[in-house]
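Please look over the sequence and the model before reading on.

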Amino acid sequence: MHEQAIQHYFADKEPMLVEAVSRLVRIDSTLGPALPGKPFGEGPAAALEELLALARSWGLSGQNLEGYVGTVDLNDQETALHILGHLDVVDPGEGWTVTEAFVPKLVDGLLYGRGTDDDKGPVAAALLAMKAVKDLGIPLRRNVRLIAGTDEETGFRDVKWYYSRHPYAPYTISPDADFPIINIEKGHYQPTFQAAWPQEQALPRVSDFTGGTRLNMVPPKAQATVLGLSLDTVEAAIRDLALEEAISFSCQEKGPGVHILCSGQNAHGSTPEEGHNAQTALVALLAALPLADCPSTRALRALHALFPHGDHHGQALGIAQADDLSGPLTLAFTMLTLHDTGCQGRFDSRTPLCGTEETICRPAQAALTQAGFTVQGPLDPPHHVPADSPFLQVLAKCYEQYSGRKSQCLAIGGGTYVHDIPGGVAFGASMPGFVSNLHGPDERVHVGDLLTAAKIYAQVILALCA
């Protein structure tokens, strides 16, 4: 029912969707310093206001809830469906070739720019689906609410704030992943570990190290300063290391030491195999240098042993495991700072349904403690909605109706807004097999697929609320 009306409505809406996504992508909405009414900084606040302005221009009503989230409703009936998306983005990074991160560009049906896929494009598609239902005049007996957040990439403080003040809806989807249906999101074990030591004087040694800045991103850059070694010694060690071509080192003499910059390729923390970790590569180099036997050297060599470059499953840490439903544990060593009196680091592991405190936390803590680190951080359990849920059957039918593909339930390592929401699932907006480069350079969305996603979302609204 209603398929013909929906198909006809969207027949000429591609330019409208492209312009809507572009309006949002032009805003740098990375996390910034908190301000009154702007808890996550100027950029996310500006993106939120732009979305609400877009909604109003499309005849929809929206509210800014103290800068944490924006909401758009179709009517004042009891809400049956929440659609959760986000407007904040990760750092632009380097390596863009088609356009700059915040300059959207349409090339051969692909729209490029930071946030086109994660998650401004899907939010715009969901908003257009709501406009379609309104414009078609199909009566609804229940409401759908779009909730646009501004802190998904840096902690979910936005939706935690919202749901501490508002009830869950009976049904919830997040257009922040892939089709068909993501019914399993792996758990997260992302502890902080650190060590301290007296002021170091020994030579040669590493006097400072700076790695990644975001827990959920494979570091594309890392740098360190080595005191007491020649430039030739460091460059010889780089040649002997013989890492993959995607990893490069730049060295220069700087005062009494050698400054080393390592460059790799960023990727989402849940898919570390898709990136090239500059942090683990630089640690591997430093561990190979002829350094003095001092606390910083021992710490770096221990970290190299526990997080060797290319180990994406926690094998060296002793936590590798997998199950048939959710797949293997993945691990990305993403943050590390070191100086003359200590160091602190974090890793991002995505844990399968079989993972427990006994099989993940205790082995990792034991290994790090034995190496001289203190460890803090809980295991966040996985999210699982049974595949035979009636709600998921509705989603599957809507997906198959407009995509022409067979639906199935999938597990992912990434965590979306629905991770802690009862019965919620990630649902689109990318079609199977499409490589969007999210969190990397040349992030993009297939505009035709995004328009199909909007049709699917419109049908879901009607199926659950009409």
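## Basis of the model

This is a predicted model, in which local features need pLDDT of at least 70 and side-chain atom pairs count only at pLDDT 80 or more, while totals for chains, interfaces and linings use all residues. Residues are numbered from 1 along each chain as its sequence is written, and side-chain values use heavy atoms, with hydrogens and water left out.

## Salt bridges

The structure contains 15 salt bridges, a salt bridge being a side-chain nitrogen of Lys or Arg within 4 Å of a carboxyl oxygen of Asp or Glu. Side chains of opposite charge can pair when their charged atoms come close.

One of these bridges joins Asp-348 to Arg-350, with an N to O distance of 2.7 Å. Both Asp-348 and Arg-350 are buried (under 20% relative accessible area, where exposed means over 50% and partly exposed lies in between, for a 1.4 Å probe and protein chains only). Another links Arg-26 with Glu-19 at 3.6 Å, N to O; Arg-26 is partly exposed at 46%, and Glu-19 is partly exposed at 37%. In a further bridge, the closest N and O atoms of Glu-400 and Lys-406 are 3.8 Å apart. Glu-400 is partly exposed at 29%, whereas Lys-406 is exposed at 68%.

## Helix H11

Helices are DSSP runs (H or I, at least four residues; strands are E, at least two), numbered from the N terminus. Helix H11 covers residues 447-465, and its end C-alpha atoms lie 27 Å apart. Of the 19 residues in H11, 17 are buried, so the helix is mostly covered.

Notes:
The expected span of a helix is 1.5 Å times one less than its number of residues.
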